[in-house]
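Work through the following exercises with the sequence and the model at hand. Each task is followed by a solution that goes step by step.

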Amino acid sequence: MIFAFKTRKSAGVRVTRAVHRLIAEGNEARAAGRWGDAVAAYGEALRRAPELAHIQLQQGHMLKEAARLDEADAAYAAAARLRPDDAEPVLHRARLARQRDRPRTAAAHLAEYLRGHRDDAAATAELRDLIEPVGTIPAERIGALIDDPDAMRLLGAGEGRAGPGSAAAPARPPVFDITDLISHFGSQRLPNGIERVQIEVLAAALALHGDDAIGICCFVPARQDWIGIAPAVFHDVARLATAGTDTADAAWQAARARLIFHIAFADPFAMPPRAVLLNLGTSWWVRDYFLFVRNQKARHGIAYVPAVYDFIPILAAEHCVPGLAEDFIGWTLGALAHADAFLPISRATRDDLLHVADVIGAPLDGTPIEVVPLDADFRRGEASLPATALAAWGLEGVPFALIVSTIESRKNHVLAFDAWAVLLRRHGAAMPRLVCVGRDGWLNDHVFARLEADPLLKAAVTIIHRVSDAELALLYRQSGFTVFPSLYEGWGLPVTESLSHGRVPVVADNSSLPEAGAGFALMFESGSVESLVAAVEQVAFDADWRRSREAAIAAGFHPRSWRAVAAQILSAVARLPLDHDATRPHEVERGLYYPLRLPRAQRIWPGLGSGEVFRTGKGWLWLETNGCRTRPAGGELRMRVAGDPAGPLRLYLRLRGLANGDCRFAIRLQGLTIHEDAIAQGAEGWFACDLPAAADEDLAFVIVGDAQESLLMPIGGSARQCTASLMVLGFVLCDRDAAAGNARVAELLRRNATAEIDAYRAR
């Protein structure tokens, strides 16, 4: 009786009267929203009775409300230790970690929680939401990931792959950037031409030099960082990607889910000093790609070397979807500004690269350019399928010619259809069937309309959208010949594939296609129905000629191994100079306006460029069409003033304020605050400040606002919630003491007539 008199119960647990009173005080403060008082009362109760798990949980809630987040997490952790069978504290730790923008920690706690609560759809959705920015994983795959020790290890100490670690690593360690390949696997399985090249070259490079000598990474826009990919992960996904066509295949979906989970939560890639970042894919669609290349150059002295496949969006833009030319021109400007060498895939592409650079006014004199022809052996080691497998498409025992290419306007299927229509009427049933293998591409409505308009032609054409490697090899082997009527190519992989399989390709005589034909293709006049008809008649109906040409191919066409292609690329990388200054900022001319906006040019002209090149660091959101927003920590602009120093400088900075209120800001030069001001809500204006007379030739400005706003920003076809501060629209640097020049600039800026001094205006 005495024991009962001196104690009370809290959540069914006996406590002393003093502790009970403290808990009651905490409850009262909590109900009134006095978070600090609740923290104090619960804290004293826990000092006296630290075993009270439910009060530790309440204390976590109160500390969270009081914005004391580290202490809140510690309280939740204490509650979890006291009640190891109670998953509620773990779930609260997950949500707190997410609030603190610590996705990997949040994922670790959610995974721990879900191991005991597999049917909690809400928690599963929370974990999927953490993964969603980098890829989609079906809900049914989440449980398998939670049971996967390799995947879960990422949520512990981290499994970010370091760069090449061999003791004999070269002075310029090669790092393959497979951003494009990883993105492709996010929505597709079968690789296309460029993805195929990346897979084959990287696999060959790893075979040549070993896993420890080759780095692999990808840029993840959602994480604004580079993530390492282990060679085993690459091999697993690449093997499955070419082994079948079914995107719902369980093995493929499991490998894809592990890959997405990896890039969502692995540590950032440790870029080796002086590495060569080799991009054998495309990156024109990746926002901020060159900002982060620039950051790696400044931090680690890396070199950047892209492959160049073609200039279709610039030189054949009529065959591209709206917006592609603008994106590609933006990539071209970035590549010309950042590449330390180029790897064009043909002499024709090299010539196009030089032409485009000259038109823009960025000649590549002295920049290493190594042509890496894609004259590789495309025969693969899969088990051969029997000819009876052709029955799946109704082709068993049927003579046919083969077109392998994406079905889009540039590939010029319509020309082949027009030629076949003539040939069918001329030769009737003796004419081979035309089999078109390829996925649907851009601007192809007229291709299918042409078929629908001619029933005789439609009956003689088979279209196959997806085939595995083994199926494609079978189609090549069983075809009578191949046709490639494309209007423009960077190389023409199907031509080399055809030769690799011993089949005569009938090829248009434009761009790089004569190179791909290697003297063995039957060339016809590009765009000419009559010329194509004559060429097809020769190869289809002159059996002796065709057998002679096939014999010549068998005897004389010697495609390179992918090891040879990889060796050429790595040799070119090894020859890059070591004394190149990768940290040198881009130059500005005095008196010119440099806009910080997303380049949206639809054509190229002399002087075209982008003020994007002056952004550095991680203090920026991605470019918009009118400017670039800073993150709360501030955005840095780095530049070098062109010409000889002529005296002190004045900076004019064009800013836009926040939508939700006024914002004070500071402009700092090399860490020194040189200007403080404020910009009103929704306002836009110019702000001038004078630089110290002793300012360096290389300048680094940081623009920091003291207020922020939350907004949805579009990226990659979706929108992300972001925290942003001021928008920087552009800047001008002037000689402070040049009165006439300064007055002119000031007057133009007052009238907002920046077009007259825009550094990148059309000339």
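## Overall fold

In the protein chain, residues 24 or more positions apart account for 72% of the contacts with a separation of 6 or more, where contact means heavy atoms within 4.5 Å. This is a predicted model, in which local features need pLDDT of at least 70 and side-chain atom pairs count only at pLDDT 80 or more, while totals for chains, interfaces and linings use all residues. Residues are numbered from 1 along each chain as its sequence is written, and side-chain values use heavy atoms, with hydrogens and water left out.

**Exercise 1.** Determine how many helices and strands the protein chain has, and what share of its residues counts as buried.

*Solution.* Begin with the secondary structure: the protein chain has 28 helices and 27 strands, these being DSSP runs (helices H or I, at least four residues; strands E, at least two) numbered from the N terminus. Next, take the burial: 54% of the 763 residues count as buried, a term that means under 20% relative accessible area, with exposed meaning over 50% and partly exposed in between (1.4 Å probe, protein chains only). Finally, along the principal axes, the C-alpha atoms fill a box of roughly 110 × 80 × 55 Å.

**Exercise 2.** Describe how helix 4 packs with helix 6, and state which residues make the contact.

*Solution.* Two packed helices are described by the angle between their axes and the distance between the axes. For helix 4 (residues 53-65) and helix 6 (residues 88-99), the angle is about 15 degrees and the axes are 11 Å apart; the axes are lines fitted to C-alpha atoms, for helices over the stretch in contact, and angles run from 0 to 180 degrees between N-to-C directions. Helix 4 and helix 6 are therefore roughly parallel to each other, given that angles under 35 degrees count as roughly parallel, over 145 as roughly antiparallel, 65 to 115 as roughly perpendicular and the rest as oblique. The contact is made by Leu57, His61 and Lys64 of helix 4, together with Glu88, Pro89, His92, Leu96 and Gln99 of helix 6. These residues divide into three nonpolar, three polar and two charged, where Ala, Val, Leu, Ile, Met, Phe, Trp, Tyr, Cys and Pro count as nonpolar, Asp, Glu, Lys and Arg as charged, and the others, Gly among them, as polar.

**Exercise 3.** Repeat the analysis for helix 19 and helix 20.

*Solution.* Helix 19 (residues 413-427) and helix 20 (residues 445-452) pack at an angle of about 15 degrees, with 9 Å between their axes, and are therefore roughly parallel to each other. On the side of helix 19, the residues His413, Val414, Phe417, Asp418 and Ala421 meet His446, Val447, Arg450 and Leu451 in helix 20. By class, the residues of this contact are five nonpolar, two polar and two charged.

**Exercise 4.** In what order do the strands of the open sheet of six strands follow one another, and which strands stand at the edges?

*Solution.* The order is 11-10-9-12-13-14, with parallel pairing; two strands pair if DSSP finds at least two bridges between them. Strand 11 (461-464) and strand 14 (522-524) stand at the edges, each with a single partner strand, so one side of each is left without a neighbour in the sheet. On average, neighbouring strands of this sheet are turned by 25 degrees against each other, direction ignored. As to individual pairs, two bridges join strand 9 to strand 12, with alanine 401 having phenylalanine 481 as its bridge partner in strand 12. Strand 12 and strand 13 are paired over three bridges, where threonine 482 stands opposite proline 505. Three bridges also join strand 13 (residues 505-508) to strand 14, and valine 507 stands opposite methionine 523 there.

**Exercise 5.** Which residues of strand 12 point one way, and which the other?

*Solution.* In a regular strand the side chains alternate between the two faces of the sheet. From strand 12, Phe481 and Val483 point one way and Thr482 and Phe484 the other way, and all are buried.
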